[in-house]
Amino acid sequence: MSKAVVTGAAGFIGGRLSHRLLDDGWEVVGIDAFLDTYDPAEKLARAAGLVRRSGFTLATGHLTELNLEECLGGSEVVFHLAGRAGVRASFELESRYRRDNVDSTARLVSAAKRTASVRRLVYASSSSVYGDAPLPFSEDTATRPVSPYGASKLEAERICVEESDERLETIALRYFTVYGPGQRPDMGLRKFAEAAWTGQPITIFGDGSQSRDFTYVDDIVEATCRAARAPVAGVAVNVGGGSRVSLLAVIDLLAQITGRRLDVRHTDFARGDVRHTGADLTRAKRLLGFKATTPFREGYASEVQWVRSTLQEARRSA
Ligand SMILES: NC(=O)c1ccc[n+]([C@@H]2O[C@H](COP(=O)([O-])OP(=O)(O)OC[C@H]3O[C@@H](n4cnc5c(N)ncnc54)[C@H](O)[C@@H]3O)[C@@H](O)[C@H]2O)c1
């Protein structure tokens, strides 16, 4: 049986990836510090769902503090998804973003190099490394992050990519806005759906013409699994959903899915938010054989239904 480490296993994407690896027959060691970036109850519930499964063990702690050689021993692949996510909060909490994203990655990569069994490290980087670059963002586009979050992801990505050698192969995946059931509560698509079901106003930063290359979480997980096997290393690869959707189009779709009239309000553009994101997926196709398969309409409908049942459950247990 193959063994892997998933850092950030109690998080939105790390949790989904851990389940997929267990389904595929991997033994998984999940690492998470249960940071209070959002309600830790969500992370605890996700971790509980994983701990119940055979083949999964949890190491609770921060990557700057844990005995990493002990956690990594016997694993062939490290999927490094732990990180402090979110653009807006990063302006106020720069030093925490540095500790959680950059210092943690440096310590993990050096522990992976010292652990004989580990052959490969897959890093969850971000489209935020590009800033407001011209579309589409190709991996050769100059990286100009416009937030401390984007800068920290870029620095951590460089640590991973530059350390790649014959001992430890590394690959960085630049995820484009990930959505789907379980999405983080600070992210727009989930907030919009919560507001729609509870009859609250929906706040949009700016006029709503900004657009994102939204990527369904199972497509992200598929690309991440492929990166563990791909015969390439020392590179960054975009992982996007394949089409751009404006926020106004998201709101139209949400009204259709919920059958509700939505109270949409506009406020100023938020600091650190870029106008558009769009991935050039040539490299993902060539190196990983990857192409996203979930249309936005379908993926968002499953997230909106998940939000509804989560709200209903919370009401029942209140
Ligand atoms: N969600 C997206 O749209 C998106 C887009 C691009 C990149 N990413 C990256 O993907 C990764 C996962 O994102 P997510 O949306 O699942 O976020 P998440 O916050 O749900 O998950 C991250 C998990 O990592 C843990 N963690 C963070 N720093 C840690 C550390 N230093 N040591 C131990 N545990 C730590 C947190 O407690 C959390 O459970 C992050 O690295 C993020 O930067 C996410």
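Tutor: V28 stands opposite F56 in β3, and β2 and β3 pair in the parallel sense over five bridges. This is a predicted model, in which local features need pLDDT of at least 70 and side-chain atom pairs count only at pLDDT 80 or more, while totals for chains, interfaces and linings use all residues. Residues are numbered from 1 along each chain as its sequence is written.

Student: What makes β2 and β3 a pair?

Tutor: Two strands pair if DSSP finds at least two bridges between them; β2 and β3 have five bridges, so they count as a pair under that rule. Strands here (E, at least two residues) and helices (H or I, at least four) are DSSP runs, numbered from the N terminus.

Student: Why do β3 and β11 stand at the edges of the sheet?

Tutor: The seven strands form an open sheet with parallel pairing, in the order β3-β2-β1-β4-β5-β6-β11. Both β3 (56-60) and β11 (235-239) have a single partner strand, so one side of each is left without a neighbour in the sheet. From one strand to the next, the twist averages 20°.

Student: Why is α6 called oblique to α8?

Tutor: Helix α6 (residues 188-198) and helix α8 (residues 247-258) pack at an angle of about 40°, with their axes 11 Å apart. Axes are lines fitted to C-alpha atoms, for helices over the stretch in contact, and angles run from 0 to 180 degrees between N-to-C directions. Angles under 35 degrees count as roughly parallel, over 145 as roughly antiparallel, 65 to 115 as roughly perpendicular and the rest as oblique, and that makes α6 oblique to α8.

Student: How do the residues of the contact of α6 with α8 divide?

Tutor: They divide into eight nonpolar, one polar and no charged, where Ala, Val, Leu, Ile, Met, Phe, Trp, Tyr, Cys and Pro count as nonpolar, Asp, Glu, Lys and Arg as charged, and the others, Gly among them, as polar.

Student: What makes α6 oblique to α10?

Tutor: Here α6 and helix α10 (residues 296-317) pack at an angle of about 55°, with their axes 9 Å apart, and that makes α6 oblique to α10. By class, the contact of α6 with α10 has seven nonpolar, one polar and four charged residues.

Student: Which residues are closest to the ligand?

Tutor: The closest are G8, G11, F12, A33 and G83, and 29 residues surround the ligand, a residue being near if its C-beta atom, placed from the backbone, lies within 6 Å of the molecule.
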